[in-house]
Amino acid sequence: MRLVELCLRESAAAFGWGFSGTYLVSKKGYLAFLLYVTPGEDGLDFSLSYRYADFDRIYHTLTFATRYPGIVLFERTEPVESWSLLGVSSAMRRLTEKADKFAASLSERIITLEDNTAFLRYLASRQRADGQPPCDITPELIFTALLNNDLDQAVSLSTKALINGDLNDGLYSKVLDYAKRFQKI
């Protein structure tokens, strides 16, 4: 793991990403990205997630956590030719370069909250079409409603999620508590 951490630091510096623990972070345009990397059997296992950067502010207001984890775009393995410093460094650089290009491309297409919502709906439908369980975009829809000052929509979505048994680590209850401070439910 120490070798991977060293190569993560190196890639962060080379591509202008931030480094925190076992992941790299980057903000491009209105989006923030998180590249989480761990050593696996066949190479570097990784996931790339993203979020609309303004969601962090809302998430912090609700939970006091500083960074909303976002939606995982994909999880894969980057092959490593050898577990030497050079082998891991090369794999990490390839991986970071691909993630950086993808992040730059996506951030050019998602500017507004509406762009983001449309992309999230597309992502969920693509996952369904691929036979995967679709990502839950309810938190993103709630954050969008809160950023648009639409407390009624945020309350409606949170209530529906709670009725369906989805607690999301207490997030939906916190949305209702937040809304109570501004309106009667």
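Analyst: Start at one pairing: Gly 43 has Pro 79 in β5 as its bridge partner. Keep in mind that this is a predicted model, where local features need pLDDT of at least 70, side-chain atom pairs count only at pLDDT 80 or more, and totals for chains, interfaces and linings use all residues. Residues are numbered from 1 along each chain as its sequence is written, and side-chain values use heavy atoms, with hydrogens and water left out.

Now the names. Helices (H or I, at least four residues) and strands (E, at least two) are DSSP runs, numbered from the N terminus. Two strands pair if DSSP finds at least two bridges between them. Strands of a sheet pair through backbone hydrogen bonds, either parallel or antiparallel.

Here the sheet is open, with five strands in the order β1-β2-β3-β4-β5, and the pairing is antiparallel. β1 (18-20) and β5 are the edge strands, each pairing on one side only. On average, neighbouring strands are turned by 25 degrees against each other, direction ignored. For such angles, axes are lines fitted to C-alpha atoms (for helices over the stretch in contact), and the values run from 0 to 180 degrees between N-to-C directions.

Next, look at β4 and its partners. β4 and β5 run antiparallel and are joined by eight bridges. β3 and β4 also pair in the antiparallel sense, over nine bridges. These two strands, β3 and β4, form a hairpin with three residues between them. Two pairs let you trace it: Val 37 is opposite Phe 46 in β4, and Leu 34 is opposite Ser 49 in β4.

How enclosed is β4? Nine of its ten residues are buried, so β4 is largely enclosed by the rest of the structure. Buried means under 20% relative accessible area, exposed means over 50%, and partly exposed lies in between (1.4 Å probe, protein chains only).

Turn to the helix on the sheet. α3 lies across β2, β3, β4 and β5, and runs at about 160 degrees to β3. Helix α3 covers residues 85-109; at 1.5 Å a residue, its 25 residues should span 36 Å, and its end C-alpha atoms are 36 Å apart, which agrees. The expected span is 1.5 Å times one less than the number of residues. Buried residues of α3 include Val 88, Met 92, Leu 95 and Leu 106. The buried residues of α3 pack against β2 (23-28), β3 (31-39), β4 (43-52) and β5 (71-79), and also against α1 (2-15) and α4 (113-129).

The largest one has 56 residues, and the members that touch the most others are Phe 33, Leu 35, Val 37, Tyr 50, Leu 73 and Met 92. α3 gives the most to this core, with seven residues. In soluble globular proteins, nonpolar side chains tend to be buried together.

Finish with Tyr 50. Beyond the residues up to four places away in sequence, Tyr 50 touches Phe 33, Leu 73, Leu 106 and Phe 119, among others. Contact means heavy atoms within 4.5 Å.

Note on methods: Core = buried A, V, L, I, M, F, W, Y, C linked by side-chain atoms within 4.5 Å.
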